[in-house]
Amino acid sequence: MKQPLVTVNKSVRKIDGLSMATGRAQYVDDVHVRGMLWAKLLASPHAHAKILDIDISQAQKIPGVVCILTHKDLPRVPHTTAGQGYPEPSPYDSYVLDKKVRFVGDRVAAVAAETRDAAERAVRAIKVTYEILTPVLDAEHAMDDDAPKIHDEEDSLRIADPEKNLAAEVGFSVGKNFFEDSDYIFDRTFVTQYAQHCPIEPHITMAWFDEQDRIVIRTSTQVPFHARRIVAQALRVPVKRVRVIKPRVGGGFGAKQEVLNEQIVAALALATHRPVKLEYTRAEETISARTRHPMIIHLRSGLKKDGTITDFDLDVISNTGAYGTHALTVGCNTGSKVLPLYRAKNVKFNMRAVYTNMPVGGAYRGYGATQGAFAMECLIDEMAERLAMDPLEFRKRNHIRLGESSPVFKALGEGREGVAQSIESCGLDQCIDLGAREIGWREKHGKPKGKGPIKRGVGVACLMQGSSIPGIDMGAATIKMNEDGSFNLLMGATDLGTGSDTVLAQIAAEVLGIRESDIVVYSSDTDMTPFDVGAYASSTTFLSGMAVKKAAEQARDQILHVAGKMLETDPADAILQDGMVVMANGRRLSLKEVALHSLYILDQFQIMGSSSHITHTSPPPFAAHFCEVEVDEETGQVTVLSYVAAVDCGTAINPRLAEGQTEGAVLNGISYALVEEICFDPKGRPRNATWQYYKIFNTQDAPPIKTILVPTWEPTGPYGAKSVSEISINGPMPCIANAIYDAIGIRLREAPFTAEKVLKALKLRARGRRME
Amino acid sequence: MLRTLKEFHYPATVAEALAILQRFDSRASVIAGGTSLGRTDDAKIEAMVDISRMGLAFLKEDKVSLRIGSTNPLQALARSRKLGVFAGGLLARAAASQPSRLLRNAMTLGGSIVLSTPWAEMPPALLTLDAKMIIAGEIERIIPAEEFIGDSKYRVLGRSEILTEVRVPREMASWRSGYSVFARTRTDPAMVIASVALLEDRGTCAGARIVLGGITRRAIRCPAAEKKLVGKKLAPQHFAQAARAAVGGIEVVVDWRASREYRLQVAEVVMRRTLAACWSDGKEGAR
Amino acid sequence: MKLEMKLNGKDVSFEIAGPELLLDLLRDNGYFGAKRGCDNGDCGSCAVQVDGKSICSCIYFAGQAHGREVTTIEGLGTMEHPHALQETFVECGAVQCGSCIPGMLLSAKELLDECPSPKDADIREALDGNLCRCTGYTKQFEAVKVAAKRIIEGKSKGRKPARGGKSR
């Protein structure tokens, strides 16, 4: 039931915003720990090699070097670095340190030293004898019979087929007689590139011992609880001996849904019994951390003349790089977050994630849907064109609607079968209408593009994502009341800059009739806060938000009970409002009075609520994206002139923060579509590891971005909310591709759309026309 | 990291700075903005000679030259009213094309010239305007831009010398100019720089100085292109001819970002547009 | 060697070995507002002002700051008395993870000092050395404009105590 909202759906200030803006906010590195050692990892210069020998004798002589670890010094425990729930759907193919290296940037040894300089020098002084092996640098040929085997070790577990370099495979088929009813068949291949998350704060982890000799890990992570579990597993220490603290996080975007360095830092701390810190350089972040899985996507579809889509057949080869972290689940999402958007009676999906000797794929905002949406939305555009139908009209006729379901929901989940669900909120038509009006679709689409070499065009893309992983993800929260009527909200939910601390405080404040500034939020600390899977899968607002709401409701019920006794009034129909309990009969009490009474006066107890939440549905947010581009036919340069993202995220708990999520995702998506790419030399060495050459957009590159929030009410979410964080990164690549087509009549299916690629396509076409 | 660095010196005069450099011989480095030194490794450097406090951030004119002190930050040049009008604002535009305000604030004119990376912003513009480099040392030397720019700093500039000033002939003031950069993004090192100056005399091109940068290891003048324009009443085909001539036979610097062929094609387009825009006084368009 | 500077308005001195970069010096001395993002002058999260001009402290020798005035984000305003820019960045939703924010605020301050009512293009130019991966910059452009207006109107006089729920 909808009730008038006081705090929710208001653009209150981000509660940690001012501390960030004044430099007070404390990120991992913003504390001094006495006696801290600097750690540095030796990275492999080879894409594929066996380590025959490691000579650390020279490195040990460097003044200030305290400890050097190699694979000989650590227990060999197969595990995954994917920060996922137990049991992780990613293969156990990683070792804290291994005797084989599988990509340029893979770790060989770890040093801890008194200074950063000594650690860096020591790393350079370690002499490694390698037996260089032939690398696999082409995902399409990774499965060939004669391809070198990347994971030939015997102890790795749950690899789909190590003989074929196959990390993971999944598929399903619903329907029958594929392509028999279709008047047209489309058959296209799309290719996406290596890209990195580029959080401004690179991975950084500290570890030290507390007075109980427990390992305290202060780390920039999206998944503190998974980090605790995986560190314990990899180092063979009990979970109870590990505490993980997540302070402020300087951006994650999925990069920090990885338990990447916590193990090795903890191992160094264990070995030295000293505090240790490891901070990645920008180059290490680019090549040794995680990336977006590059994919080769083969999409076939069938279409009837009346505009009905009959079939989809989506075949994906995903390059997971040297390790299979998130390989299965990212690949699943390429289908599960893309295929249900349009109705078709026959749907087939197959995904193979292959190992190569290249950087490791991981979780990256959009999580596979980004790549899938590129293929789908470009093909949808092409299908509409075949019917000479407006692409907006075609999408409206075919997209999933309120009350409808898709067989894909059941057929495909995250690494296993999914959960059947039907759509209970959908504002996509309105997104399409409002976005189209904002960009000027009617006036611009399909119209003449101006004289001279600079052509203009507009494009569209429609999107869906999910909100948490149904049946798997769990979030919990505890809220307790203080003497002044304020509350502590303790959550495992992990704010990594997204504003979730604020959004969740707003939800609690709404329940308790107070302002969000009267809630002291603490997230997250495995010793202090209840469990939460962490910040991923677009889950925090939807899932953890519900846990917060339930916990706050428990506290509210206790408050009403105490107030009822204090006023000797039946608290039924009482409400909490403006920091007061207001009884049905009009009598009032402040929360402060209630708190003092419950803590000190009579029948004392702590007013507190604690609740967990799991979900059995993953309601998709929807979006329609539009852009206008300019294409220079003489240089091939593509410039985005303006971008409009209309998003249905249910109730936006904090509209400004929801807009911010959208705009940030859009700009990341735009630079991904146009320029972002890790390039490699023939030996698999990255050529652009620093930001001098790996480009992300600055203020002068960024086009004006307009967000339109289209409110709907999602009955399964807190106050009608769905997710908003990931969906909008999926739009720019297809949206821009479609706009380029509108501008110059060329469909680009290989990203990024660099100027040289565009010019080459123009020349190919010109040559083709001459031949005709 | 400059592990052996122990001292900073802050000379107040050029003479003082030269004396310190002499004393340290090759164990000292001049520093102005410092943007290229902070992350270098050089196990010899013991002293830094900070030349940013010697009054070299001047901008003045005498009878023959516009004189620009070498420690002017690029941002100051980009903002200078005088440079904004001199020769169609070429120097201001070149300085403004450095893509980060934070770096424009630190990087100096001298640094941009001395380091002279292929993508450095200032050298092509200085070459276009026939600038001269004033070098203080045992003797003062005046080196034309053509000789100085792009060459290894130690071949032209001795260890104990300092680039103090750049002089641009005042007769260039009334030339029109154009300056364009082509790269993947605004912060991407330039793949092509087209820097041009044209002199008009009653509808005829009375002078042309055409320079390419970014695409070549050092900024180069393109005399063949200039010949296509001088003495003519210019029309679009002349710009096309000149642009083609400009890229003819140049030695292209290639990295993984784009192929040689592509760079050449784009350089020609950018040059043609820059010339056209320059001639029409920016009324039509180079990007 | 002894390094003397004015840091956030106070005369301070440090004993340095020589190779230290300004970012390291500041962070080692508890000025954590400047962040380490790329160590290469590419991202601007380490930006501080030297004599009123924002620079990348990750590639700037501490020795270069000798005798100069250095302003870090800690010197721009405090939580109790924030600068108008710090307020509007929070109000407008321009702060997400916050890593780029201290540096960006100092660039914005430099802009408003020299150009009190900047246009869009001025703002884009002034902030072009500060990369942000979270926001798409939209809210930051807005925040600078709102702050400029507020400063001009004198309502905030540059400094005004923040009030919690004002943005509702």
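Just after helix α2 of chain C, Gly93(C) takes a positive phi of about 75 degrees. Helices here are DSSP runs of H or I with at least four residues, strands are runs of E with at least two, and both are numbered from the N terminus. The model is predicted: local features need pLDDT of at least 70, side-chain atom pairs count only at pLDDT 80 or more, and totals for chains, interfaces and linings use all residues. Residues are numbered from 1 along each chain as its sequence is written, chains are lettered from A and ligands numbered from 1 in the order in which they are written, and side-chain values use heavy atoms, with hydrogens and water left out.

Helix α2 of chain C covers residues 84–91, and eight of its eight residues are buried, so the helix is largely enclosed by the rest of the structure. Buried means under 20% relative accessible area, exposed over 50%, and partly exposed in between, with a 1.4 Å probe and protein chains only. Among the buried residues of α2(C) are Leu85(C), Phe89(C) and Val90(C), along with Gln86(C), Glu87(C) and Glu91(C). Their cover includes α1 (17–21) and α16 (655–674) of chain A, as well as α3 (101–114) and α5 (138–152) of chain C.

Chain A contains 18 helices and 29 strands. Its radius of gyration is 27 Å, close to the 28 Å that the globule rule gives for 772 residues, so chain A is as compact as a globular protein of that length. The radius is taken over C-alpha atoms, and the rule is 2.2 Å times the number of residues to the power 0.38. Along the principal axes, the C-alpha trace of chain A spans about 95 × 70 × 50 Å. Of the 772 residues in chain A, 67% are buried. Contact means heavy atoms within 4.5 Å; in chain A, residues 24 or more positions apart account for 80% of the contacts with a separation of 6 or more.

Chain B has twelve helices and twelve strands. The radius of gyration of chain B is 19 Å, close to the 19 Å from the globule rule for 287 residues, so this chain too is as compact as a globular protein of its length. Buried residues make up 58% of chain B. An automatic or database domain assignment divides chain B into domain 1 (7–52), domain 2 (59–171) and domain 3 (175–279). The centres of domain 1 and domain 2 of chain B, taken over C-alpha atoms, are separated by 19 Å. Between these two domains of chain B, 15 residues of domain 1 are in contact with 14 residues of domain 2.
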